[in-house]
Amino acid sequence: GYIIKGSDALLSHKDEKLEVYGKPATIKSSKIDGEAEVFVIYPNKSMSLVGNAKLLNNSNSIKSNFITYQISSNE
């Protein structure tokens with residue numbers, strides 16, 4: 001249940017990750033709303049937001065240059 005938008009994306013089977021680039025790239029679901037210059041999403045259900053990163057999760061707002069977020073299994 002995620003909507004991810006960006007200008008470019010790179011899926012690497014070797015490195016097991018999806019990179020989404022944008023000015024900014026965005027991600028939305030029923031539980032999170034975020035934006036960053038780059039999203040790096042891993043199959044272990046973790047995600048890094050890199051560059052002017054902002055993340056809103058359950059009314060908690062985080063702003064940083066680098067955020068790591070563990071996606072819960074019920075998202």
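Trainee: Where is Glu 16 placed?

Mentor: Glu 16 lies in the loop between β2 and β3. The names come from DSSP runs numbered from the N terminus: helices are H or I runs of at least four residues, and strands are E runs of at least two. A word of care: this is a predicted model, in which local features need pLDDT of at least 70, side-chain atom pairs count only at pLDDT 80 or more, and totals for chains, interfaces and linings use all residues. Residues are numbered from 1 along each chain as its sequence is written, and side-chain values use heavy atoms, with hydrogens and water left out.

Trainee: Why is Glu 16 called exposed?

Mentor: Exposed means over 50% relative accessible area, buried means under 20%, and partly exposed is in between (1.4 Å probe, protein chains only). Glu 16 has 52% relative accessibility, so Glu 16 counts as exposed.

Trainee: What is the phi of Glu 16?

Mentor: Its value is positive, about 50 degrees, although Glu 16 is not a glycine. Glu 16 sits in the turn of the hairpin that β2 and β3 form, with four residues between the two strands.

Trainee: How do you know that β2 and β3 pair?

Mentor: Two strands pair if DSSP finds at least two bridges between them. Strand β2 (residues 8–12) and β3 have five bridges, in the antiparallel sense, so they meet that definition. Ser 12, for instance, stands opposite Lys 17 in β3.

Trainee: What joins β3 to β4?

Mentor: Eight bridges do, and the strands run antiparallel, with β4 covering residues 32–42.

Trainee: How many bridges link β1 and β3?

Mentor: Three bridges, again in the antiparallel sense, between β1 (residues 3–5) and β3 (residues 17–28). There, Ile 3 stands opposite Lys 28.

Trainee: Which form does the peptide bond from Lys 23 to Pro 24 take, cis or trans?

Mentor: That bond is cis, with omega near 5 degrees. Pro 24 belongs to strand β3.

Trainee: Why is Ser 59 called exposed?

Mentor: Its relative accessible area is 72%, so Ser 59 falls on the exposed side of the cut-off. Ser 59 is in the loop between β5 (46–57) and β6 (60–70). Ser 59 is not a glycine, yet its phi is positive, near 70 degrees.
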